[in-house]
Amino acid sequence: MSNIGNYDERYKTFSWEQAANELDYKPGGVINIGWYCSDRICDLGKGEKTALIWEGLGGAEKTYTYHDIRRASNTIGAFLRGLGIRPEDRVCLFMDKVPELYLGVLGILKIGAIAQPLFSAFGDESLFVRLDNAQTRAVITQRKHAPKVRKILDKLPNLEFLIIVDHDGKPLREREVAFSLEKSEPVEKIEIHPTLAESPSLLHYTSGTTGLPKGVKHVHYSLLAQYMSARWALDLRDDDIYWCTADPGWVTGTSYGVIGPWCLGVTQCVLDSGFSADAWYKFIEKHRISNWYSAPTAIRSLMKAGEEVIKKYDLSSLRALSSVGEPLNSEAVIWSERVYGKPFLDTYFQTETGSIMITNYQGMKVKPGSMGKPFPGTTAVVLDQKTFEPIPESGKIGLIALKPGWPSMMRTYWNNEETYGKKFKNGWYMTGDRASIDKEGYFWFVGRDDDIINTGGHLVSPFEVESALIEHPAVAESAVVSKPDPINMEVVKAFVTLKAGFTPSADLDLEIMNFIRKKLSPLAMPQEIEFTDALPKTRSGKIMRRILKAKEWGEEIGDTSTLEND
Amino acid sequence: MADELKDIVLKYVIAEYLEDGADPITYDTPLISGGIVDSFSMVSLKRFLENKYKISIPDDQATPEAFDSVDKIAVLVRKFTQA
């Protein structure tokens, strides 16, 4: 029997009050995610239970009980408070998936500051725009990533502290501080900041079609949705050994890599190394992983690695498998059921929604390729693209929209209320995704409603890549679109015109790729660059990305009446 | 034993994928499974090898396993340069 039981019954009868009651939260009272994920679990008598099994390179392993993560997050919180970090200050976590990242989230939340996790592969430009926009006061990082912050430090007057968690004793520079969790005196008790439901908790950055990345502000009240969805969508149970492969630099990694499992007192494992099928299967076998939350890109990579490698490992511990980041193709669902004995269930949410909104559930009929059904307590529809009214007929494609009001809904875009306002039409939150709903109420994903590129489950803004491209000395103009990819669903492709004096070559192609990789991130690096003499533009001079994209996807080009020189 | 191909690849990986002050790497340091080169960046490493050695590595052979160390990359490159 799954945690959710009968979906239809749950959907009809559920209200968020149930989640509040289960968490002993009283409206108007204090709610602090950091406390809920550590101290409360200890208060419930599970302090000696394993909270985190971490494995790094070369088989390095660390294990933490709930008492350990309570003390460690206290220690980090007390250290930050000692530096003068105040409630609502932004503290960035810029690290690989090391224990300090996970424990740091809780420590920051405990003192009422805002955790701002950023993907450690970000280049200095990506890092700068996000730290600048958030006016971040402190960055917690590792020695290996510190140089990227140092490069932009002079442009960030609000950034007072660069905290290095694995300092090697070399002289520190101005604004740099060393902090060692292992060498610090553990702090048994800390005054938890009395955050309320609407107190800010996390700031996750996401890409937009135009303009700079947007800082999605979440609040402590989101806990209710993350708690409930970890139970009912991921089917997390007390005796599970859980593995969320997402990096906390992205929303899945915090909502379900920190908050979800730990507010439920579940044991979770983290593997801090790159991908290989052997390494992943070995990890599952070694730790007897029972509940696995991963991503289509990883699943397709495992499919590519083949079935022989699976036979080398005992994966019989696997019980519940879920996927997130981009639509999970039906082949992957069918394949996973055949080779693991359990299908991967697709789940759908966004940085802005903070928790799973539409999903498949354990125990509910799986339709491979479908997104599943709305989570209890949420109202999801598809809207007509012109009237923004719900489409009553099944099978008709429209815009996925959600009725605002679930606990983990973003509260705003940081310093960008105007863009936030544009996310709503007719009282609905517009996801920017398109889908249809079948007769049984299952959602079927169709695609994005904008130019955003979803590569390996991560959103990349074509605007951001185009802006970076024209900073390369050889590039005159650029247009960036998605192109299909068998593993990552989409990858970045750039069309580039060159300045006079430059000629296309394989070396220039590679140079531009590396330029973007270092400036923005590996995700944003064009996997293909096409040098062209001219880009398609409207008569007013706007580059028509959709024409280039249609060609890449083999689709109809559509209306070209505004095309220059048509 | 000195190996020019491996030295060139190692130098390139250090210059392109390692931050200043990072721990030193050798021919057998795990690159992909070690998190030094991610799956997206592998595309640029593949492009470098193809440009440098005038070869074409099919996608089905450009696997994380085949790119997991300078030693393994050298085996892959030699397979195509000697073909």
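This is a predicted model: local features need pLDDT of at least 70, side-chain atom pairs count only at pLDDT 80 or more; totals for chains, interfaces and linings use all residues.
Let's start at A:L399, which stands opposite A:R434 in strand 21 of chain A. Residues are numbered from 1 along each chain as its sequence is written, and chains are lettered from A and ligands numbered from 1 in the order in which they are written.

Back to strand 18 of chain A, residues 398–402. Four bridges tie strand 18 to strand 21, residues 428–437, and those two run antiparallel. By pairing I mean that DSSP finds at least two bridges between two strands. Strand 18 also pairs with strand 17 of chain A, residues 380–383, again antiparallel and over four bridges. On that side, A:L383 has A:L399 as its bridge partner. And how much of strand 18 is buried? Five of its five residues are. Buried, for us, is 20 or more other C-beta atoms within 10 Å of a residue's own; 12 or fewer is exposed, in between is partly exposed, and the C-beta atoms are placed from the backbone.

Nine strands of chain A make an open sheet in the order 2-1-11-10-12-13-14-15-16, with mixed pairing. Strand 2 (61–65) and strand 16 (373–374) sit at the edges with a single partner strand each, so one side of each has no neighbour in the sheet.

Let me walk you through part of that order. Strand 10 of chain A, residues 241–244, pairs with strand 12 in the parallel sense over three bridges, and there A:W243 stands opposite A:W292. Strand 12, residues 291–294, then runs parallel to strand 13 of chain A, joined by four bridges. Here A:N291 has A:A320 as its bridge partner, A:W292 stands opposite A:L321, and A:Y293 is partnered with A:S322. Strand 13 goes on to pair with strand 14, residues 344–348, parallel over three bridges, and A:L321 stands opposite A:F344 there. To get from strand 13 to strand 14, the chain passes through helix 14, residues 330–340, and this β-α-β crossover is right-handed. That is, with the strands pointing away from you, the path from the first strand over the helix to the second runs clockwise.

Which faces of strand 12 are covered? Both: A:N291 and A:Y293 are buried on one side, A:W292 and A:S294 on the other. Strand 13, residues 320–323, is covered on both faces too, with A:A320 and A:S322 buried on one side and A:L321 and A:S323 on the other.

Now a residue I like, A:I299, in helix 12 of chain A, residues 296–305. Why does A:I299 count as buried? Because 23 other C-beta atoms lie within 10 Å. Beyond its neighbours within four places in sequence, A:I299 is in contact with A:S294, A:S323, A:A332, A:S336 and A:F344. Contact means C-beta atoms, placed from the backbone, within 7 Å. A:I299 and A:S336 are 37 residues apart along the chain, with 8.3 Å between their C-alpha atoms.

Next, the cores. A nonpolar core is a set of buried Ala, Val, Leu, Ile, Met, Phe, Trp, Tyr and Cys residues joined through C-beta atoms within 7 Å. The largest has 135 residues, and A:L80, A:V91, A:V139, A:I140 and A:L223 have the most contacts inside it.

Last, the interface. 23 residues of chain A are in contact with 21 residues of chain B. Helix 8 (146–152) and helix 17 (506–519) of chain A each supply at least two residues of chain A's side, and helix 17 gives the largest share, six residues. The model scores ipTM 0.93 and pTM 0.91.

Technical notes. Two residues are in contact if their C-beta atoms, placed from the backbone, lie within 7 Å.
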